[in-house]
Amino acid sequence: MAVDPLWYKDAVFYELHVRSFADGNGDGIGDFVGLTQRLDYLADLGVDCLWLLPMSPSPQRDDGYDIADYRGIHPQYGTLEDFRTFLQEAHARGLKVLTELVLNHTSDQHPWFQEARASRTSPRRDWYVWSDTDQGYPGVRIIFRDTERSNWTWDPVAGQYFWHRFFSHQPDLNYDNPEVREEIWRIMRFWLELGVDGFRVDAVPYLLEREGTSCENLPETHQVLRWLRQRLEEAYPHQKVLLAEANMWPEDVRPYFANGDEFHMAFHFPLMPRLFMALRLEDRKPVVEIMERTPAVPEPCQWGLFLRNHDELTLEMVTDIERDYMWDEYAKDPLARLNLGIRRRLTPLLEGDRRRVELTNALLLSLRGSPFLYYGDEIGMGDNISLGDRHGVRTPMQWSGGYNAGFSSADTDRLHAPLVANPLYGYPVVNVAAQSQSDSSLLAFMKRLLRVRRQKARLFGRGTLRFLRPANHRVLAYVRELEGEVVLVVTNLSGAAQAVELELGELEGAIPVELFGGSLFPRVSHAPYVLTLAPYGFYWLELRWL
Ligand code: GLC
Ligand code: CA
């Protein structure tokens, strides 16, 4: 059967870190052999596409986002052959695979930078952004504000300053140089030829710099990105997918879709903190507001929705007051804060409250867009905020309550990161093996949720979304609709039971069928439709005209 080129619009994505997923050779570090052995788990979970964090050779000072060789596999993760096997096995199970394209910067250990810094006349010199002073592009914000004081760093070898938007060991590439653009395209082709289905493209807003601007989202940057997309379509028409990481307001992300000729997908960053805000305020307003502020995107395009990922829960896309609120409510421990965000996993953020974990996932999977799950969150893994940087949300996957959580057979001291071992979230209590044996585990719930969503994948991925405005603002309710199919989603954002009256006017005569148990609800009449909801309860109701 031919693959629908818009498959990503109906897909559920699963983000994972090879280093932390499964160790196949017993050296304490996750690798492709281990990951390949766990593909059955992922297929059985019910996700459609894997997104792998950076896997290329790297000094690992930013967990691989500092690349030293774009055409290889980091030796600790295996060989290119291991990767090829992994990819084949994933595809054999119907799983697609996105890898990372880190194009804004390289590691300072990359041979390009080593050559560039060595001499002003090196042909590589112009591959990076140099200056004799650190005064250029004033006012450009610093992203890693807990570690960096300037976007310029003096390089004693080069005798000049170089420009970097992230860590000072990650020099930015110079996209004004056509050789850089050509080389990035060759790198893309290298992985596409191997069979990857597309890329999550890292840090796209920062490719080019211009004096007197914020150096973000510049028209010149869009030009480069559209050029890459054009090359992609020429070489692989309608076959591959580009997903943008642009942590921006919806109106600033919209141009990354252009006329459907730039990115296929982009993450919706501002929605994420607002889901947490709505839950804490017990009020639907933050979610409704941001979704109504979200512009329509061209037909082949799609938003990527997420609750958590490998970074801190970023609070860049909220106001100062909202950020203080989020910090006060969700990061009381100052150790949990990092840069402008919170470095915690989903379940600890929600204080281990199973009802809230289920509710947020039910929202993630029913709002308009393609959902992204973060590895370990399907079993409610905890974090370790005493580890540096963002490592606390990247600890080894907890497969079992046995030796090293079933992650590795290495000496426990040799694990690349300690296992979460606290009494609430430690691997003896939170693990895949235990949860696989219980129909009432979070894992079992997530599988059910994913199964039901898959039955309605097109509707949830592509259907329209219309918010209802019941007087009870603790209830968030919306109608999803596609080609005559209608699903009504009703959620209770509060910790107390709620009743709600919904104006369903045009749905009069329909019978709501609850999608998890199949029960029939009373027929919709011309009168307001009354529902009661348990604390943090939710319904997915398909409207049928029987
Ligand atoms: C992206 C990644 C983050 C990384 C940064 C610099 O924001 O998500 O993990 O540190 O880029 O590469
Ligand atoms: Ca290993």
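Seven of the eight residues of strand E17 (residues 485–492) are buried, so the strand is mostly covered. Buried means under 20% relative accessible area, exposed over 50% and partly exposed in between, with a 1.4 Å probe and protein chains only. Strands are DSSP runs of at least two residues (E), helices runs of at least four (H or I), and both are numbered from the N terminus.

E17 pairs with strand E16 (residues 475–482) in the antiparallel sense, over eight bridges. Two strands pair if DSSP finds at least two bridges between them. Arg480 has Val487 of E17 as its bridge partner. The hairpin of E16 and E17 has two residues between the strands, and Glu483 takes a positive phi near 45 degrees there. E17 also pairs in the antiparallel sense with strand E21 (residues 538–544), over five bridges. Here the bridge partner of Leu488 is Leu541 in E21.

## Basis of the model

This is a predicted model, in which local features need pLDDT of at least 70 and side-chain atom pairs count only at pLDDT 80 or more, while totals for chains, interfaces and linings use all residues. Residues are numbered from 1 along each chain as its sequence is written, chains are lettered from A and ligands numbered from 1 in the order in which they are written, and side-chain values use heavy atoms, with hydrogens and water left out.

## Ligand 1

Ligand 1 is surrounded by 13 residues, the closest being Asp62, His105, Asp202, His310 and Asp311; a residue counts as near if one of its heavy atoms lies within 4 Å. The shell divides into seven charged, three polar and three nonpolar residues. In this grouping Asp, Glu, Lys and Arg are charged, Ala, Val, Leu, Ile, Met, Phe, Trp, Tyr, Cys and Pro are nonpolar, and the others, Gly among them, are polar.

For Glu245 the distance from a polar side-chain atom to an oxygen atom of ligand 1 is 2.9 Å. Taken alone, ligand 1 exposes 310 Å², of which the protein buries 96% (Shrake-Rupley method, 1.4 Å probe).

Ile29 counts as buried because its relative accessibility is 11%. Asp31 also counts as buried, at 4%.

Conventions
A polar contact is a pair of N or O atoms within 3.5 Å; within protein, one must be able to donate a hydrogen and the other to accept it, and residues adjacent in sequence count only if both atoms are side-chain atoms.
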